[in-house]
Amino acid sequence: MARRPERQEGEYGERLGVRKRQKIQHELAFEDAGRGEAPRSSEGRVESTTAGLGTESQANTDRLIEEVCEKENLKEALRRVKANAGAAGIDGMTVKDLPEHLRENWSRMKEQLRSGTYRPQPVRRVEIPKPGGGMRKLGIPTVTDRFVQQAVNQVLQKRWDHTFSPYSYGFRPRRSAHQAVAKAQEYIQEGYIWVVDIDLEKFFDRVNHDVLMGRIAKRISDKRMLKLIRGFLNAGVMEDGLVGPTDEGTPQGGPLSPLLSNVLLDELDQELERRGHRFVRYADDCAPRAHLNIECGAVQKMREGPSKPTYRRRLQTTPSCVG
């Protein structure tokens, strides 16, 4: 009789140990993937990295996927995806279902990312009304793809943000539309009263994938990362139950799209700076200022304004003016 409680305690200890091990395994589901041997190269289309270096050196960019798969980066990505909530993608999985899905599938996903075989799913087409009229097309990725995009975005944003123009305010850490407005008001106080409001019409829908990937390939050398980004761009879109190709554009709705737009439009910022213009840009909206007139090639065909100084002229153009 004296030994029975000991056996019960032993069985209880074993069950407790099992539960503790399971808990630890769940907590360590996002283990650091940077350990061990380098992953094997994968087959498939990759971007050339022989182009000249851009503003961000390619140095130390051949193991970006390992940085993406680091535990702390993944925990932050999961936190942000959960905080942003959002609708389900084509598979119907909700943000609430994501943690359990990752506990069961992360090992497989991690190996796919490291080997360059991860395949994003098509986005789900959604249209929402624009404030000024018309409809804006969104592409809603699955929550799993949103998680991966967020993890990638955190790694690349940290490396690239300091290379962007100080006059770019959209979708950047510690920058806001309020700061852009304050800067524009500062220009007006300095006497730059001519304003050209440039709107790159349907910019997110018309981004040239090859041009964009060329810009990115100047910044990073990890071919797995280049293939992954290309995969997100070419994932396709489901509309009315049918999946169609995406040969151009960066669908609005995923965490990575704003960063990619800033990479492409950074060249526009550089050109405006080279010409000495005062300007602010928020995503695909840009407003150069000048004392008298604007010499930007994108506004050469503007009609001549009235003799009295005007404070705003609006121009709609296409992404071809920046690429």
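Helix α3 (71-84) has N73, L74, A77, L78 and V81 as its buried residues, buried meaning under 20% relative accessible area and exposed over 50%, with a 1.4 Å probe and protein chains only. Seen down the axis of α3, these residues fall within an arc of 135°, so they line one face of the helix; the arc is that of the directions from the helix axis to the C-beta atoms. The model is predicted: local features need pLDDT of at least 70, side-chain atom pairs count only at pLDDT 80 or more, and totals for chains, interfaces and linings use all residues. Residues are numbered from 1 along each chain as its sequence is written, and side-chain values use heavy atoms, with hydrogens and water left out.

**Helix α3**
- The buried residues of α3 pack against α2 (64-68), α4 (98-115) and α5, contact meaning heavy atoms within 4.5 Å.
- On the other side of α3, E72 and A83 are exposed.
- A85, whose phi is positive, near 55°, follows α3.

**Largest pocket**
- The volume of the largest pocket is about 1200 Å³; a pocket is an open set of points on a 1 Å grid where a 1.4 Å probe fits, with protein on both sides within 12 Å along at least five of seven lines, and lining residues have an atom within 4 Å of a point.
- Of its 47 lining residues, R136, F171, F204, Q252 and D284 lie nearest the centre.
- α5 gives the most to this lining, with five residues.

**Second largest pocket**
- The second largest pocket has a volume of about 320 Å³.
- Its lining has 15 residues, with Y118, R119, P120, K227 and G231 nearest the centre.

Definitions and conventions
Points joined across faces, edges and corners; volume = space filled by probe spheres on them. Helix = DSSP H or I, 4+ residues; strand = E, 2+ residues; numbered from the N terminus.
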